[in-house]
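Student: Hi! Could you walk me through this one? I have it open on my screen.

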Amino acid sequence: MPHSLQRPVEVQADEGDPLAVPFFPYALTRPGEQGPARVQVTINDQGTVVSSSAGTEPDGEQQVDAYLIDVSALEEVPSRLAFSWESPADSFVAHVSIQGSDDLAHWHTLVAQASLVRLYFADRELGRREIDLPHGTRKYKYLKLDWPAANKGARLTAVQARFSQKTGPIEPVWTALTGTVVAGEQDKFDYQVRGRLPVEWAEVALPEDNSLVDVRLYSREKETAPWRRCHNGSFYRLRVNGESLASEPARFSRVNDLLWRLEAVSDLSGLGTAVPVLRLGYTPHQLNFLARGEGPFVLAFGAQEAPGGQGQINAL
């Protein structure tokens, strides 16, 4: 029966440059007062916010409880917002929410809770400065960012709208591998995949919170082949003030090799005492058949050389 084995297509789109968007203090509280003070906002005929009674720099006694973000001039809905801030402390963790409105009176929750994070760990700055907006969010003129971080003395300094690079993102399927220590080399670990998977992602499952390790990841087709480096970078898993922060999976060009090696190039304490678990991610192929005749049909696999009439179904 004619069939076709294809990889899902990841549609690429031009991301464009991030756009700076204006923002204003929207709710203020003075020490000792109950509840936030009302802020008057002036809007021109085009719906653009031109001023706020709080100004752009509230006095030192006022605390900002919310910011108004003017996205009325954007032609499309951003996929995410990127934030910059100043705070007295180096480490910073804030739980925020985002709402949308067209009239500043009726607000609709877009992001019920998200975290903005900046941490210093092992002489490195790690953080989370972007918040994704839900896919399919309708276009609002204004966004409101609740800002409970104000009581820590933090102040928002910039907001950028960013737009998705991809449409229809493909979520990888993950397989977890347990490995073995390379004889005589305690900082190297070998793994074997049980099939030729089209691997494009990798991550190391760290056993404990507040762990960070620098690694190199290699692969090869068979024992006699040389190792080829796929990735060089850091993996971390942190937890501060109840907030978890983990590194993103590494992504690289597709590899179909069976053998993999992980080499730690920093302090091994981040990996714990056991052999680390290596997780590899891949995008499964789609198997399509061109049915002929009446069922039932029998599905069999294993003969790689068997003709399949792939050209016929691809032409359709």
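Predicted model: local features only at pLDDT ≥ 70, side-chain atom pairs only at ≥ 80, totals over all residues.

Student: OK! Where is threonine 137 found?

Tutor: Threonine 137 sits in a loop, between strand S12 (130-132) and strand S13 (142-146).

Student: And is threonine 137 buried or exposed?

Tutor: Threonine 137 counts as buried, because its relative accessibility is 15% and the cut-off for buried is under 20%.

Student: What lies 2.5 Å from a polar atom of its side chain, I mean threonine 137's?

Tutor: That is the backbone oxygen of proline 134.

Student: New topic: how many cavities of 30 Å³ or more does the structure hold?

Tutor: The structure holds one. The space in the largest cavity is about 80 Å³.

Student: Which residues line the largest cavity?

Tutor: Your threonine is back: Thr137 is one of the lining residues.

Student: Nice. Can we talk about sheets? What is the strand order in the open sheet of six strands?

Tutor: The order is S17-S18-S24-S20-S21-S22, and the pairing is antiparallel. S17 and strand S22 (243-246) stand at the edges with a single partner strand each, so one side of each has no neighbour in the sheet. On average, neighbouring strands of this sheet are turned by 25 degrees against each other, direction ignored.

Student: How many bridges join S18 to S24?

Tutor: Five bridges join strand S18 (residues 185-192) to strand S24 (residues 259-264). Tyrosine 191 stands opposite tryptophan 260 in S24.

Student: Last one: where is threonine 283 found, and is it buried or exposed?

Tutor: Threonine 283 is in the loop between strand S25 (277-282) and strand S26 (286-289). Threonine 283 is buried, with a relative accessible area of 3%. Among the residues it touches, not counting those up to four places away in sequence, are Arg7, Ile170 and Trp201. Threonine 283 and valine 173 are 110 residues apart in sequence, but 6.1 Å apart in space, C-alpha to C-alpha.

How values were computed
Residues numbered from 1 in each chain as written. Heavy atoms only, no water. Helix = DSSP H or I, 4+ residues; strand = E, 2+ residues; numbered from the N terminus. Buried < 20%, exposed > 50% of the residue type's maximum accessible area, 1.4 Å probe, protein only. Polar contact = N/O pair within 3.5 Å; in protein donor to acceptor, adjacent residues only side chain to side chain. Pairing = 2+ DSSP bridges. Axes fitted to C-alpha atoms, helices over the stretch in contact; angles between N-to-C directions. 1 Å grid on protein atoms, 1.4 Å probe; cavity = no way out; pocket = protein on both sides within 12 Å on 5 of 7 lines; lining within 4 Å. Points joined across faces, edges and corners; volume = space filled by probe spheres on them. Contact = heavy atoms within 4.5 Å.
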